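Please report on the fold, the core and the charged contacts of this protein chain.

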Amino acid sequence: MATDQTVLAKTGRVTGRVAPGTVGEVVLPIRGGSEAFYAYAAEPDQVIEPGTRVVVIDFEEPRTVRVLPV
């Protein structure tokens with residue numbers, strides 16, 4: 001199965017603040033473990049604090065996702 005198919009719609013946690021003008025980080029359960037991905041908010045002016053649960057709505061190779069709070 002392709003990586004993008006396993007990442008899209010996954011839920012994970014923010015580990016590095018996601019905010020306008022910055023690159024955040026989320027950890028997602030994938031391939032039997034957990035992996036970190038660079039993250040941007042789906043809404044350009046949105047701030048998502050560490051610890052917040054998020055869902056992946058878009059994936060860009062190799063390790064960038066766009067997320068929304070759950």
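## Salt bridges and strands

Arg17 is partly exposed, with a relative accessible area of 43%. Here buried means under 20% relative accessible area, exposed means over 50%, and partly exposed lies in between (1.4 Å probe, protein chains only). This is a predicted model, in which local features need pLDDT of at least 70 and side-chain atom pairs count only at pLDDT 80 or more, while totals for chains, interfaces and linings use all residues. Residues are numbered from 1 along each chain as its sequence is written, and side-chain values use heavy atoms, with hydrogens and water left out.

Arg17 pairs with Glu49 in a salt bridge. A salt bridge is a side-chain nitrogen of Lys or Arg within 4 Å of a carboxyl oxygen of Asp or Glu. This pair links distant parts of the chain, 32 residues apart. Glu49 sits in the loop between S3 and strand S4 (53-60), and Arg17 in the loop between strand S1 (11-16) and strand S2 (24-30). Strands (E, at least two residues) and helices (H or I, at least four) are DSSP runs, numbered from the N terminus. Glu49 is partly exposed, at 38% relative accessible area.

A search of the whole structure finds three salt bridges. They are listed here.

| Salt bridge | Closest N to O distance |
|---|---|
| Glu49 and Arg17 | 3.1 Å |
| Arg31 and Glu35 | 2.9 Å |

Arg31, Glu35 and Arg63 are linked in a network of salt bridges. Arg31 is exposed, with a relative accessible area of 53%. Arg63 is partly exposed, at 30%.

Next comes strand pairing. Two strands pair if DSSP finds at least two bridges between them. S2 and S3 run antiparallel and are joined by seven bridges. Glu25 has Tyr38 in S3 as its bridge partner. The hairpin of S2 and S3 has two residues between the strands, and Arg31 takes a positive phi near 50° there. S3 and S5 run parallel, with four bridges between them. Ala39 has Val65 in S5 as its bridge partner.

## Core and surface

Which residues of the largest nonpolar core touch the most other members? They are Val7, Val26, Leu28, Phe37, Ile48, Val65 and Val67, out of 15 residues. S2, S3, S4 and S5 are the elements that give two or more residues to this core. A nonpolar core is a set of buried Ala, Val, Leu, Ile, Met, Phe, Trp, Tyr and Cys residues joined through side-chain atoms within 4.5 Å. In soluble globular proteins, nonpolar side chains tend to be buried together.

Leaving aside neighbours within four places in sequence, Val7 is in contact (heavy atoms within 4.5 Å) with Leu28, Ile30, Phe37, Val56, Phe59 and Val65.

Thr64 lies in strand S5. Thr64 is buried, at 16% relative accessible area. Not counting residues up to four places away in sequence, Thr64 touches Phe37, Tyr38, Tyr40, Asp58 and Phe59.

Tyr38 belongs to strand S3 (residues 33-41). Is Tyr38 buried or exposed? Tyr38 is exposed, with a relative accessible area of 53%. Val23, Tyr38 and Tyr40 make a nonpolar surface patch of about 300 Å².

Terms used
Patches are made of residues with over 30% relative accessible area and no salt bridge: like charges are joined within 9 Å, nonpolar side chains (Val, Leu, Ile, Met, Phe, Trp, Tyr) within 5 Å. Accessible areas come from the Shrake-Rupley method with a 1.4 Å probe; for residues, only the protein chains shown count as cover.
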